[in-house]
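Here's a quick briefing on packing and charge pairs. Have a look at the model first, then we'll go through it.

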Amino acid sequence: MKSGILPLPTEVVHLIAAGEVIDSLAAVVRELAENSLDAGATRVVIYLYPQQWRVRIADNGCGMDLENLQACATAHSTSKIRSCEDLWQVTSLGFRGEALHSLAQLAELEILSRAAATGEGWRVRYCDRGEVLETETVAIAPGTVVTVSNLFANWAERRQGMPSLSQQTRAIQNTIQQIALCHPHVTWQVWQDDREWFTLSPGATTQHLIPQILRQVSLSDLQYLKVEVPTPFEGAGSRGAEEQRENLIPNSEFRIPNSHYSSLQLVLGLPDRCHRHRPDWVRVAVNGRMVKFAELEQTIFAAMTRTLPRDRYPVCFLHLKVAPWQIDWNRQPAKTEIYLHHLSHWQEHTAGAIEQILRLNSNSVSDSAHNTRVTQLIKVAEEKGVYSTSRAIAQGDKGDKGDKEDKGDKEVEGGSTLHPTPHNASCFNGGNLRNALAPLHPFLKAIAQVHNMYILVEHPGGMWLVEQHIAHERVLYEQLCDRWQLVPLEPPVILNHLSLAQIAQLQRLNLEVEPFGDRLWAVRSAPAMLVQRDDCADALVELSLGGDLQAAQVATACRCAIRNGTTLSLEEMQTLLNQWQRTRNPRTCPHGRPIYLSLEESALSRFFRRHWVIGKSHGI
């Protein structure tokens, strides 16, 4: 059969465009909601009738006059671009001019709209070619109401291939939530079959939206950070950097301040407060649209390494406001995948923002996040216990508690049981110059030691209990990450009954291992932190049991950290606190356990009823 390449008929082109853009009820909601946002709406009301395949969206945006209403559903018609050059300056959510035309082809389309500057509104119905069927004046507030009815009525096969209506409504809910996260200033009200389904209230930032979507997460579980990021201009598109800077669209929400800076907004679930069983809540948005961005998602996961418990994942929303010419939106029809120029630049700043947000600073500790744990802390205070500020306590107090704590640590990691060792003051030596220069650390003052396990800490906003073992473990782990040093063992440590897999594991860690006799092996090098320890042989056996370099660093830090049950002087406690708060990830240990319990001044005030007004005679 003879065949050749021929241009497609116009009607086929239209059908392809419709199929690419509108493929479900959720796609209808997405396209119309984005049009509402482009129109400047601050309130969007969505009415869903899934059984009737009908969607209505009303907004308080700028609206359209009659001339624009008559043209809006024709093929490839849009007010957002005019030429090919505009594709490098896209600052709106919709710009292809396909959505309304596709809806006219696939459903019955009706639009009511009134421009803010006019005194009358109009209702227009459209045929399947996007041309006007009927026009009449209506009384309507400024804004637009779009109704899509009988979606896919003429495409029975399409309806049959759709998921169940319950699955489609879940997809619609997810679509609305994703859009709302990118535009937290907008109120979203959703009705289903004439009953109110859910509402998302506006907030100053996305931090205020997430608790409305993830009900188990509270506002204080999240930390928000916005930073300006220098815009890389080299090689940006096909036009010169200076020309691009000069031709930024005026009054755009995404206009770059001073034409030299983009921005990065980050909302992060603090790892000691919230996390997920699945990696389903790491979200990335670019210029107001949620996108799939595996490279940036992996950057987030990598930056959160060793801050969460095993098999747990972070809650994170990253929103990049990028210069328009840095993005190519034409990678995928739904615009959920994009090309972003200078990707490594954004990866570096994302990792830096996460590192900054995880540090203990005056902004991140002045909340009442742990007030739900107040009762637990009061119970600790009421129980009979030993509180020390010196070494006067008998050494016999240490033992079982430290042993159990260490077993718990290793059970998380999956290795063998650790044994308590005497405290070695030299463990506090060393430091990290980079961390020492970290700004905005709150002043922490060691007050006492509780049960030879916790350090009672005073800070300007209240008080904390810091668990000494895992705080020190975090300090040592980051020192090992910064400087993993192997030194010779003199004399070598002799190990016996090692399997071939254990020998291979030690060699993978670059330890020098040689045969020393019948089933004996001489280990001639070891991590510097282990060399002077009495249990160096046990530590080497532990390292031989498996894991990568990072796992070896965690195991080494855990073994070398001071044991619970060890008495500390005030000076030693203060030294530990100073080193701990300068770490990059001070909220959790490398196993993901929270390091401190906070009792903020506001919680203390409520507990002791300091807001009660009883009378001057009572000394208040």
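Which residues touch the most other members of the largest nonpolar core? They are Ile46, Val148, Leu151 and Trp188, in a core of 59 residues. This is a predicted model, so local features need pLDDT of at least 70 and side-chain atom pairs pLDDT 80 or more, while totals for chains, interfaces and linings use all residues. Numbering runs from 1 along each chain as its sequence is written, and side-chain values use heavy atoms, leaving out hydrogens and water.

**Core**
- A nonpolar core here is a set of buried Ala, Val, Leu, Ile, Met, Phe, Trp, Tyr and Cys residues joined through side-chain atoms within 4.5 Å.
- Beyond its neighbours within four places in sequence, Val148 is in contact (heavy atoms within 4.5 Å) with residues including Val28, Leu32, Trp53 and Leu103.

**Salt bridges**
- The whole structure has 19 salt bridges, each a side-chain nitrogen of Lys or Arg within 4 Å of a carboxyl oxygen of Asp or Glu.
- Glu110, Arg123, Arg125, Glu134 and Glu136 form a salt-bridge network.
- Arg474 pairs with Glu478 at 3.2 Å, N to O; the two sit four residues apart in helix α14, about one helical turn. Helices are DSSP runs of H or I, at least four residues, numbered from the N terminus.
- Asp482 meets Arg584 at 3.2 Å, N to O.

**Burial of the pairs**
- Buried means under 20% relative accessible area, exposed over 50% and partly exposed in between (1.4 Å probe, protein chains only).
- Arg474 is buried at 1%, as is Glu478 at 2%.
- Asp482 is partly exposed at 41%, whereas Arg584 is buried at 12%.
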